[in-house]
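I opened a new notebook page for this structure. My plan was to look up where its parts meet.

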Amino acid sequence: MPEALAPILDIATFIRETLLSLFETLGASPELANGLVTFIGAFLIANFVLLILVVNIWMERKVMARLQDRIGPNRVGPWGLFQTVADLGKLLSKEIIIPSQADLIPFLLAPLLAVMSVIGIWAVIPFAETAIGTDVSIGVLYFMAVSSFGIMAILMAGWSSNNKYALLGAFRAVAMLVSYEVPIILTLMVPVLLTGSMRMNEIVMAQNIWFIFMVPLAGIIFYISQVAEVGRQPFDLLEAESEIVAGYHIEYSGFAFAIFYAAEWAHGFAICALFVTLFLGGWQGPFVDQIPTLGFIYFLGKTFLVYIIQIWMRATVPRLRIDQIMDFCWKLLIPVSLALVVLIALTEGIITTLAEQGILTAPFLANYFSTATAADMLPRTFVLLTINAFITIVTLFLLARRGRAERERFEAMRQSMAPIEAGTD
Amino acid sequence: MLTFSPVSVSFFIMALFTIGGGLGVVTTRNLVHAALFLVLSLFGIAGLYVLLEAPYLAVIQVLVYVGAISILITITVMVTRRLMGIEETYNRQWPIAAIISGLLGAGLIALVVAQFGALTPVADVPVDNIEQLGRAFVTHQGFLLPFEVASVLLLAAMIGSIVISRDV
Amino acid sequence: MVTLEFYLIVAAILFSIGVYGVLARRNAVAILMSVELMLNAVNLNLVAFWRFLAPTELNGFVFAVFVFAVAAAEAAVGLALIISIYRNRQTVLAEQINMLKW
Amino acid sequence: MSEWTFIALLLVTAFIFPAIPIVAGTLLGPRKPNEMKNSTYECGVETVGDTWVQFKVQYYIFALVFLVFDIELIFLYPWAVAYNQLPLFGIVAGVVFIITLAEALVYAWRKGALEWL
């Protein structure tokens, strides 16, 4: 690698080192310089999350409009790009109404907690090999922990508004979010099983074959559950306008409302980043080991692509009823993910034991768990895909049988009702 | 002894969260506020776990307490809400309780200071701590029996509480 | 450097706060919250001892992990009991729950 | 430890960032309270007392099952990290753990505790 190109090839390391040496020449002790650089990093990430929101909201409105055969915002700035900024300006100038019976401190604390829980997620997401906020050893669990503050925020908001609709909305939201956390816990275990580490960067580095191609079922369940966790369509009954007006943030106005809104949108983008990191190879892509800066492009490109899928889902799938949402989680996603984890563990345990005993002898079984190259991962991919296919087929078969039984029950009911209906006419 | 450093400053902030939250739990009259103070206190403890170089426990503390138990408590408060007035929350023996717990606290602190003066860590925490933990959970020499018993305990707890809370 | 005694002092204070809450509060949910505080104080103690006295061994760490499981089970059953009592007796005040049978 | 400095700084920043416009909004923004505006929004009808809606136990049961799975995670994630080096016995031990908890799920399902009524 030519020396002169180094800053461009690995821009994150370059900036960090430059800043470090700058602070040290200014007379800061190494610890202080390190602390300052850490602070700048944190500040940059927080800003990134809030700034990309402008793009996100604009993109969402544009894509939605195209899907519905409209043009979308096109007045403020080129292609309506500054529409969100204008909206923000408007919201800033509005009054923050505090209902007279509200519980003031939780009422104002709730939106802050909601934003904190979302921005906190980004601390462990690797943008490129060298550009990760912090690679804690328990990264995967860390983001689960941080997002649990979001649930707390919703409860606080619903309770402190002193409004029946808000409380009802908050409780529905909590029941739903808590339920969908279970499949997330279970499917998140699959990348950890495959990698043998909870560090985000190691999970990315292990994906010479993207995990979505090894365990598609886990990836899909993870994504669906995360979309539910954000409360986006089709899982948006947290704010079902026709039933509970606006859900837990009904009493919020002005910028306090804008912050809730921002938290929801930022969460929607954050889960795309998570999904990309855990299942779509994160910053992995061609030539990325020579030019780490490319990682940014791959990562953001994939994330925006996944985000578009999310918008697409929003535009096409109708809202579910709460009992359907609960049934979908508890009676489909959780059993399937449990079966997936159990089957993967059992099958791989048996295969590796047989290989150790010398009963199964194939050259590739020697380093079955290796993730060093794509070729090393092929046998494992084959095994895992077989398991996935098996579970999918069994699930579809059971669903079909269930559906047939339901239909027959319904038909029988209609048959027995028929004479009564005829009589009343 | 205590010197001024980022670690000691964050220790004091977290200790403040913990103890302040704890005081809030036992003194506030509003039960939902008490639950929120509980969250603050337990979050402070999570911070202390980080300072004790047990980030795994810290994360679990947040997940289990902030994410699950405090929600369970809040839901219970809401479900049993009708009689939950703002009126007095202490029983008649609160002065005695204050004296007893004050004495207990003073005794414990005296004991701690006398017995475990300025101890510093004897070694560093191994890097592959969690991996060791995972291996220890499933080996005979390790904690296989407690591990499986824990799952039975959780099963029993869940079945028990479903039965108890659902009976009409 | 923060030495062991500071952690232990924090734990001791938290534990006595919990004791006070258990003795002085009337509401069963509040009592349960105080018990939760006491459990956490003990757990903090365990982790502090583990970190300062035997960080290379797993025992203290594992003990703390199991305390989590037990605390969760306790909270689940305890709150379920409170809900059940509330449905049967319409009260959650500890001194009114004094019959052994109803 | 330094990796947690970053997280602490990020969380504090994330907390302060939205706090600034809220404080600015309450101080600088328009502030014309009136009784009607500050009343609770209940489709025009005045709220009586606190929001003392009685909630169903169903909410509690969902949170309860979630709690059990949350605890499961404490034990299973270390197992998953060590998974690559475990003998068959160790893997089966973990699977037994999962199946024991799946029984809890089956019980709740059979008892109808997972139905949303």
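My entries follow, one contact at a time.

**Entry 1: the model**

I noted before anything else that this is a predicted model. I read every value below with that in mind.

**Entry 2: two domains in chain A**

I looked up how chain A is divided. I found domain 1 at residues 1-92 and domain 2 at residues 94-411. Their C-alpha centres lie 24 Å apart. I then checked who takes part in the contact. Domain 1 of chain A gives 27 residues, and domain 2 of chain A gives 29 residues. The two domains bury about 2600 Å² between them. Carbon and sulfur atoms carry 76% of that area.

Next I searched for charged pairs. I found 1 salt bridge between domain 1 and domain 2 of chain A. Its partners are the side chains of Glu60(A) and Arg314(A), with N and O 2.5 Å apart.

Which elements give two or more residues to the domain 1 side? I listed α1 (6-9), α2 (11-25), α3 (30-67) and α4 (83-92) of chain A. The largest share comes from α3(A), with 15 residues. I also sorted this side of domain 1 by residue class. I recorded 21 nonpolar, 2 polar and 4 charged residues.

**Entry 3: chain B against chain C**

I moved on to chains B and C. Here 89 residues of chain B are in contact with 69 residues of chain C. I wrote down a buried area of about 7300 Å² between these chains. Of this, 77% is on carbon and sulfur atoms.

How many salt bridges cross the interface of chain B and chain C? I found 1. Glu53(B) pairs with Arg51(C), and their closest N and O atoms are 3.1 Å apart. I also counted 7 residue pairs in polar contact between chain B and chain C, both residues being at pLDDT 80 or more.

I then traced the chain B side. The elements giving two or more residues to it are α1 (6-27), α2 (31-51), α3 (55-79), α4 (94-115), α5 (129-137) and α6 (144-166) of chain B. By class, I noted 61 nonpolar, 21 polar and 7 charged residues on this side of chain B.

**Entry 4: an aromatic pair**

I looked for paired rings next. The count over all chains comes to 40 aromatic pairs. I picked out Tyr142(A) and Trp4(D), whose ring centres are 6.3 Å apart. Why is this pair edge-to-face? The planes stand at 80 degrees, and over 60 degrees counts as edge-to-face. I also placed both residues. Tyr142(A) lies in helix α6 (residues 139-160) of chain A, and Trp4(D) lies in helix α1 (residues 2-28) of chain D, so the pair joins two chains.

**Entry 5: chain C against chain D**

The buried area between the two chains is about 760 Å². Carbon and sulfur atoms give 82% of it.

I searched for salt bridges between chain C and chain D and found 0. I did find 2 residue pairs in polar contact between these chains, both residues at pLDDT 80 or more.

Technical notes:
Residues numbered from 1 in each chain as written. Chains lettered and ligands numbered in written order. Predicted model: local features only at pLDDT ≥ 70, side-chain atom pairs only at ≥ 80, totals over all residues. Heavy atoms only, no water. Domains from an automatic or database assignment. Contact = heavy atoms within 4.5 Å. Buried area = accessible area lost by both parts, 1.4 Å probe. Salt bridge = Lys/Arg side-chain N within 4 Å of Asp/Glu carboxyl O. Helix = DSSP H or I, 4+ residues; strand = E, 2+ residues; numbered from the N terminus. Nonpolar A, V, L, I, M, F, W, Y, C, P; charged D, E, K, R; others polar. Polar contact = N/O pair within 3.5 Å; in protein donor to acceptor, adjacent residues only side chain to side chain. Phe/Tyr/Trp six-rings, centres within 6.5 Å; stacked < 30°, edge-to-face > 60°.
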